[in-house]
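Open the model in your viewer and keep the selection panel at hand. The stops below go one at a time.

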Amino acid sequence: MEAFDLIPAHGDPQARATIADYLQELAAGLPLSHRARAEVMAEIADGLACAFEAHVAAGATPAAAVRLAVAEFGDPRELSAALAAEIGRAHARRIGAGLVATGPLVGVAWIGAFAQATGTAWWTQIGALMASAPIYALVLAVSVPAALVAASGVRLAVRLGLGARTAVDAAALASVACVIGDVALVSGLAFAPSDPAWSAALACAVSISLVRLSVTVGAGRRVLLLRAAAR
Amino acid sequence: MTAEALKGHLDGLLLAVLERGPAHGYALIEALRTSSGGTFDLPTGTVYPALRRLETAGLVASTWEKGDGRQRRTYELTGAGRRHLAQQRESWHQFSGAVTAVMDGGDITWRPST
């Protein structure tokens, strides 16, 4: 875990140490990438610096001002949990939008590959695709509505004044379903004919599925960590 | 007034403050304190998750500025935020008017049956 000292303008070592401790505790509760965490820390550090300056301007000593500033911000664990909840919702929306956008692309890639390999019309290959990975029908039934809820649920929930945790759960569910779907499609190739034309036709579809698989695993893991951090 | 008592109203209050112009997190909480005559004295930390929520909902947008050796995130209302604020304001006026009418025992035509 990196150390935080984001207020170089203030020379009082005790004040800087107190604020650094606060930021350290806040950061410990935020399972984010280095860059995303640094952004949150910079904003909170600026707020703490403003509070510190306001108390000094009101006549407090630096030591008293930093105590007041930290007390004003509240318990860092509560703040990190509240931030994790909101950042988790933003992640959920991005996951939902990403899956909604890439779902048709993956579907078209696989159907097109099946059609090219067999030399038949694409619409006759939808059944072949489902037969190659029978679980895919269930995956679609779960992932499509879950991704739509995650993509739109956050904005609707905020605008209607509702809790938005549903969007995070929907994003996690959609991620898990898509991972299962991609694994099922790729592993289904073990039973596919092994002639070179067939392999070449599927290479593109497999690549797209593997890229989505790795991105979804990372994003789904992040949203689950944020969900846990939000308590 | 506690953060719990303000639950459900904080988003609208922040949008109302931002209607006056762009502001950073600490300036927003200070404006809430000042505008309410000190009644809305919330933990400063509560404003940051609320701003994240509003930004995710597309009601505010943020930009980063650099100065005084530190970075500052400034928020401003979006078009959607202005429309949402107008709706919030209208429903609040209806709600507060109705509560006041009942609390003050205004034009009461109903009488309890005996």
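Select residues 60-67 and 70-77 of chain B, which are strands β2 and β3; these strands pair in the antiparallel sense over 8 bridges. Note that the model is predicted.

Next, go to the turn of the hairpin, where 2 residues lie between β2(B) and β3(B). Select B:Asp68, which has a positive phi near 55° in this hairpin.

Now select B:Arg72 together with A:Asp46. Their side chains form a salt bridge between the two chains, at 2.9 Å from N to O. The interface of chain A and chain B holds 5 salt bridges by the rule used. There are also 7 residue pairs in polar contact across this interface, with both residues at pLDDT 80 or more.

The elements of chain A that give two or more residues to the side touching chain B are α2 (34-57), α3 (62-73), α4 (76-118) and α6 (136-160). Which of them gives the most? It is α2(A), with 12 residues. By residue type, the side of chain A that touches chain B has 18 nonpolar, 10 charged and 2 polar residues.

In contact with each other are 30 residues of chain A and 25 residues of chain B. The two chains bury about 2400 Å² between them, and carbon and sulfur atoms account for 57% of that area.

Key:
Residues numbered from 1 in each chain as written. Chains lettered and ligands numbered in written order. Predicted model: local features only at pLDDT ≥ 70, side-chain atom pairs only at ≥ 80, totals over all residues. Heavy atoms only, no water. Contact = heavy atoms within 4.5 Å. Buried area = accessible area lost by both parts, 1.4 Å probe. Salt bridge = Lys/Arg side-chain N within 4 Å of Asp/Glu carboxyl O. Polar contact = N/O pair within 3.5 Å; in protein donor to acceptor, adjacent residues only side chain to side chain. Helix = DSSP H or I, 4+ residues; strand = E, 2+ residues; numbered from the N terminus. Nonpolar A, V, L, I, M, F, W, Y, C, P; charged D, E, K, R; others polar. Pairing = 2+ DSSP bridges.
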